[in-house]
Amino acid sequence: MTSATLLHVLSAHRRLLLAGALLGVLLAALVALFVPPTYDSTTSIYVTARASGDDPTSAYQGTLLSQDRIASYRALATSHRVLVPVVEQQGRAEPAEDLAGRISVTAAPESTVLSLTVSGPDPVQDAETANAVAGRLVAVVGELERSARSGVQLETVDPARPAVRPSSPGLATTAPVAAVAGLIVAAGVALVRHTTDRRVGHRLPALSGAPLLGRLPVHPRRARDGSLLGSPEVTDGARRLRTAVTARGGNRAVLAMASAVRGEGRTTTALALAAAFAGTERVAVVEADLRNPGIAGLLGLPPDRGLAEVLAGRATLGDAMLRWDAAGVDVLVAGGPGAGLGTDLQGPAMAGVLALLRERYDVVLVDGPAVRESSEAVELARLADCVLLACRTDSTDADELTAAVDELGAVHVTPMGSVDTGGHASDRDAEPTAAPTRDPDVLEPDPDRPGATGRYRHRARRALPGRSR
């Protein structure tokens, strides 16, 4: 993973990183609140060996003997022979084994001074315990060394005093450390999520092989009832997309909307883009997803005849075209109920329909089925002048998108560009607002149907293909 990728992953998960740091500080605060502070009470014990003479050699040998005994005395300080009498003398309920766990005995290299420390929550009692243990250790060593006649003896140099400040770090010290630890853990989680996440995410241009031309926040629920059409964020996104498509598309009139799987916001994008083009161009929308039609219900148009009837020869293109007055767009819906059964979009009839539409309109948007669910989507992409790929990057599986792009590539079709329909805004932020004056690119809710924010007023009449406006 490159440093640029790492920075991108961390930036994309910045909320997770912030949550990790805050959680670390919170845990540190809880520990400081519920765990009592620890105090260290230390006493010093001097180890000396009586020299056999007054010469320097004897003194040096005595020092070496004292240093040699240090390791033994450190172990002896936490033995039962030393601690059990102390526990009994102080009347403590704490077992000697537990007291031994709170005692540490240290000595600097080449030193003959032992530092005996008792750690605990009560500095006064622990200071008394440290002095008692030191006294008992001096007595036990005296007994042992007298029987061995070694001449080594111990003496308490500095008695323990109650500690004033706790030895355990306070919140001011632990909070920054805990915050950094939380950040590290959160960064690890972010990297794991990035490694295991199969969603498309920011990889849409790389996986599709096409530049990202725009973003439309297509909320799945609001896309089903049509309430996104006319909302400010979708209208603005469609206008930006129109500019990008125009810059890359040139004079190519037939633009096929494609997606890897169903539910990618393909239909909403096609309708919003058609409304954006309608301000300056003659625009038609063709619903070519005959198995899962929805545009007629979405726009409130009569689905009595459409593309299926035209392909079957039961209606002419002029008779089947409808007018979506709110946007100034002509629409060829899928057709009547069940009309799509057995209809072949891969035959010459579909190519003929697109040829007629190409002559009569400046922009023709074809909303076909999902590539991974129907082979007809690939044929429609082949017949179109260019293909625009819609993808919900926050949920679409990267393997599905890659497979769809491969299927298009098999017929030498490369998407002109891609549209990110994921990362939708919240319902509250996405509510459509009425404009004070009519904008040809903004759809107006039907005032005669209160509460039906997804429906728009249309004139249910037949459109005349090729009619200039």
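This note walks through some features of the structure above, point by point.

1. **Before you start.** The model is predicted, so local features need pLDDT of at least 70 and side-chain atom pairs count only at pLDDT 80 or more, while totals for chains, interfaces and linings use all residues. Residues are numbered from 1 along each chain as its sequence is written, and side-chain values use heavy atoms, with hydrogens and water left out.

2. **Salt bridges overall.** How many salt bridges does a search of the whole structure find? The search finds 18. A salt bridge here is a side-chain nitrogen of Lys or Arg within 4 Å of a carboxyl oxygen of Asp or Glu. One set forms a network, linking Glu94, Arg102 and Asp126.

3. **A bridge between two helices.** Glu143 and Arg81 meet through their side chains in a salt bridge, at 3.0 Å from N to O. Glu143 belongs to helix α6 (residues 123-148) and Arg81 to helix α4 (residues 80-90), so the pair, 62 residues apart, links distant parts of the chain. Helices (H or I, at least four residues) and strands (E, at least two) are DSSP runs, numbered from the N terminus. Glu143 is partly exposed at 34% relative accessible area, and Arg81 is partly exposed too, at 42%. For these labels, buried means under 20% relative accessible area, exposed means over 50%, and partly exposed lies in between (1.4 Å probe, protein chains only).

4. **A bridge between two strands.** Now look at Asp420 and Arg215, whose side chains form a salt bridge with 3.6 Å from N to O. This pair also links distant parts of the chain: Asp420 is in strand β12 (residues 417-420), Arg215 is in strand β5 (residues 212-215), and they are 205 residues apart. Are the two partners buried or exposed? Asp420 is buried, with a relative accessible area of 9%, whereas Arg215 is exposed at 54%.

5. **Another salt bridge.** Arg161 pairs with Asp158, and their closest N and O atoms are 2.9 Å apart. Arg161 counts as exposed at 55% relative accessibility, and Asp158 is partly exposed at 33%.

6. **An open sheet.** Four strands make an open sheet in the order β2-β3-β1-β4, with antiparallel pairing. The strands β2 (103-106) and β4 (152-158) stand at the edges with a single partner strand each, so one side of each has no neighbour in the sheet. From one strand to the next, the twist averages 25°; axes are lines fitted to C-alpha atoms, for helices over the stretch in contact, and angles run from 0 to 180 degrees between N-to-C directions. Two strands pair if DSSP finds at least two bridges between them. Here, 4 bridges join β2 to the antiparallel strand β3 (residues 113-120), and Thr106 has Ser115 in β3 as its bridge partner.

7. **An enclosed strand.** Why is strand β6 (residues 254-259) described as largely enclosed by the rest of the structure? The reason is that 6 of its 6 residues are buried. Val254, Ala256 and Ala258 point one way from β6, while Leu255, Met257 and Ser259 point the other way. In a regular strand the side chains alternate between the two faces of the sheet. With strand β10 (residues 363-367), β6 pairs in the parallel sense over 4 bridges, and Leu255 has Leu365 as its bridge partner there. Strand β11 (residues 386-391) is joined to β6 by 5 bridges, again parallel, with Ala256 opposite Val387.

8. **A positive phi.** His412 has a phi near 65°, a positive value in a residue other than glycine. Most residues other than glycine have a negative phi. You can find His412 in the loop between α17 (398-410) and β12, where His412 counts as exposed at 75% relative accessibility.

9. **Two residues brought together.** Pro211 sits in the loop between α8 and β5 and is partly exposed at 31% relative accessible area. The C-alpha atoms of Pro211 and Gly417 are separated by 5.0 Å, although the residues are 206 apart along the chain.
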